[in-house]
Amino acid sequence: MEEKLKNHIAKNLPFLKDKKLLIAISGGVDSVVLTHLLTSLNFNVSLAHCNFHLREEESDLDEKFVVDLGEKLKLKTRIIHFAIEPIGSIQLAARELRYEWFQELIAKEGFDFVLTAHHADDNLETFLINLTRGSGLDGFTGIPTVNGNIVRPLLPFSREEIIAFAKEKNISWREDKSNASTKYVRNKIRHKVAPILKEINPNLLDSFSKTLENLKESQQIIKDKIDDVSKEVISKKNDVFRIDILKTQDLSNPKAYLYQLLKDYNFTEWNDVYHLLFAQSGKQVFSKTHVLLKDRNQLILSERDFSKKLEITYKIEENTKEITDPIHLIFENVAEKSITTTNSIFVDKTKLKFPLILRKWQNGDYFYPAGMQGKKKLSKYFKDEKLSLLEKKEIWLLCNQNNDIIWVINKRQDNRFLDKSLKTSLKIILNN
């Protein structure tokens, strides 16, 4: 097995050589064998163990075993303790805490990669779990060998091979008694479903490996097609993505394409996403990280936290020459007036009351647009300008101390503050 792993790393994971590696070790046979193999192959490895105290004394014995193994193999070992509330999925919570800690260790101590001991049987079990729950193609292409800085060198090996190697080399390990229980879905599949499939086909793992390769090749074809479609239907500006609805509707299967285009943004209600194509403007679908908005003939995708900016106001004191946060404005006293543009205005300084206020627009706001008679609600002005909901929320207002609008920045100046005398002229510039 040592020679097989050496060849596998040389062929498929050569970047691990001479790197600083952190092995995620539970004390179970898989991670213990991985530790022995990489130590024997002279890789630069350290150990990281999480104690979640879920099995009382057994958890502490796991920790002691890992510490003793580290001392025996002369490897530095890091231990962390977690207390998990028995709410929701304990396994999911433990996984998230574990991987967050690994990333902290990478950032603080300069590790290049974290290695986990997932193997071929884990891959099969994950596939079958996804099959029972329903999944897109991504759920049927297996556990990735490399996922960012997480690497899984044992994926070509079966559980049977790993245990046989441990027994041959007299390697001891800790046995988690909960693995024998069929309380969890994975264990049910491991102990009841997988053995029957292996009885039907003794070479199941080899066949399954070939199936995964075929699915990955199909997935690559889909990815290539989606890349081409993206160029046709998606445009990007200021971290906001716009999907052309008419072009999307012309695709052979709009719902399937929307899934592929948006699957990385944590949406789950795919019927709702699809129905946005035919909804009224203003309709939205939320994921935990993003919002998808129907706006006329486009779907607009943006991060959800943009709304935090809506309540923020900034004060600008008299004689300020420049601000750079949240936008870049320059203030200049000038003796000559040039043409006003959307990104620069001239105001009568005597009409300003400091501190000026920089804020987002609110319902009920109105101003007196330069070049027009009378006042106009901002909501009506935005509608006439055909601004989307997200574009409206990106607009900043420069206001007097009493909140009278001086400038809808990068759009229109207020008539009340127009400079009619060069003696008191202040030029304000938006520096994009």
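## A polar contact at His49

A polar contact is a pair of N or O atoms within 3.5 Å, and within protein one atom must be able to donate a hydrogen and the other to accept it. In this predicted model, such a pair involves His49: a polar atom of its side chain lies 2.9 Å from the backbone oxygen of Ile25.

His49 sits in strand β2. Its relative accessibility is 2%. The cut-off for a buried residue is under 20% relative accessible area, so His49 counts as buried. Leaving aside residues up to four places away in sequence, His49 touches Ile25, Ser26, Asp62, Glu63, Val66, Arg78, Ile79, Ile80 and Trp101.

## The six-stranded sheet

Strand β2 belongs to an open sheet of six strands, arranged in the order β3-β2-β1-β4-β6-β5. The pairing in this sheet is mixed. The edges are taken by β3 (77-81) and β5 (146-147); each has a single partner strand, so one side of each has no neighbour in the sheet. Strands of a sheet pair through backbone hydrogen bonds, either parallel or antiparallel.

Asn147 has Ile150, in β6, as its bridge partner.

## Helices on the sheet

Helix α2, residues 29-40, packs on the sheet. The strands that α2 touches are β1 (20-24), β2 (44-51) and β4 (113-115). The direction of α2 makes about 155° with that of β1.

Helix α3, residues 57-72, lies across β2 and β3. The angle between α3 and β2 is about 165°.

## The protein as a whole

The protein has 13 helices and 22 strands. Its radius of gyration is 30 Å, whereas a compact globule of 432 residues would have one near 22 Å. The C-alpha trace spans about 95 × 50 × 40 Å along the principal axes.

Of the 432 residues, 42% count as buried. The accessible surface comes to about 24,500 Å², and carbon and sulfur atoms account for 49% of that surface. Among contacts between residues at least 6 apart in sequence, 66% join residues at least 24 apart.

Technical notes: Residues numbered from 1 in each chain as written. Predicted model: local features only at pLDDT ≥ 70, side-chain atom pairs only at ≥ 80, totals over all residues. Heavy atoms only, no water. Pairing = 2+ DSSP bridges. Helix = DSSP H or I, 4+ residues; strand = E, 2+ residues; numbered from the N terminus. Contact = heavy atoms within 4.5 Å. Axes fitted to C-alpha atoms, helices over the stretch in contact; angles between N-to-C directions. Buried < 20%, exposed > 50% of the residue type's maximum accessible area, 1.4 Å probe, protein only. Rg over C-alpha atoms; globule rule 2.2 N^0.38 Å. Areas by Shrake-Rupley, 256 points an atom, 1.4 Å probe, with all protein chains shown as cover.
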